[in-house]
Amino acid sequence: MSRDSQKILAALDESIEIRNSLKYEVAKISYAAEVISAAFAAGGKVLIAGNGGNASDAIHFAAEFTGKYNKMERRGLPAICLNINPAMMTAWTNDYSFDTLYERQVEAFGKPGDVFIAISTGGGSLEPGLSSNVALAAKKALSLGMKVVALVGKTGGALKNLADPCIIV
């Protein structure tokens, strides 16, 4: 077997292992669905943010809520992706800091009963400059009476202690 084939098989095995690990997160996944559904039922909204590839995931999440997830005939659900506005992103980070970019938007758009979905590969940090923007936004969401749901990797980082539930993949 070629070296490239071995790398591909290793990547596939890792993907299968990650998907299998989700079996241990079923209760948290179900609870996240309940939290999000309750917010929508009460007239609330979902704010979502991530960085890098997770920013793309955040965009996709928002599109599924406002669009037709799984081809269900239903009304659009109010979801805002916080990493979709380049004018806000460049103006805020130029004048202030990338660390507080999502925190500021949570402050602007979030209300008690809304949900913030934080997507982060490492779970972030509350220390400036250490992948802190998503974690700081989660902290702000909690201070506003919002719920925080996190989808994270590795050990969960700061989001592990801020989100309920924190789904670690």
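## A tour from the cysteines to helix 2

A disulfide here means a pair of cysteine sulfur atoms within 2.5 Å, and the structure holds zero of them. Cys81 counts as buried at 7% relative accessibility, and Cys166 is buried too, with a relative accessible area of 6%. (Buried is under 20% relative accessible area, exposed over 50%, partly exposed in between, with a 1.4 Å probe and protein chains only.)

A quick word on what's loaded: this is a predicted model, where local features need pLDDT of at least 70, side-chain atom pairs count only at pLDDT 80 or more, and totals for chains, interfaces and linings use all residues. Residues are numbered from 1 along each chain as its sequence is written, and side-chain values use heavy atoms, leaving out hydrogens and water.

Next, select residues 26–41, which is helix 2. Helices (H or I, at least four residues) and strands (E, at least two) are DSSP runs, numbered from the N terminus. Color Ala32, Val35, Ile36, Ala39 and Phe40: these are the buried residues of helix 2. They cover an arc of only 135° around the axis (taken from the directions from the helix axis to the C-beta atoms), so they sit on the same side of helix 2. On the other side, Val26, Ala27 and Ala41 are exposed. After helix 2 comes Gly43, with a positive phi near 85°.

Now show what covers those buried residues: strand 3 is included. In strand 3 (residues 115–120), pick Ser120. Ser120 counts as buried at 7% relative accessibility.

Note on methods. Expected span 1.5 Å × (residues − 1). Contact = heavy atoms within 4.5 Å.
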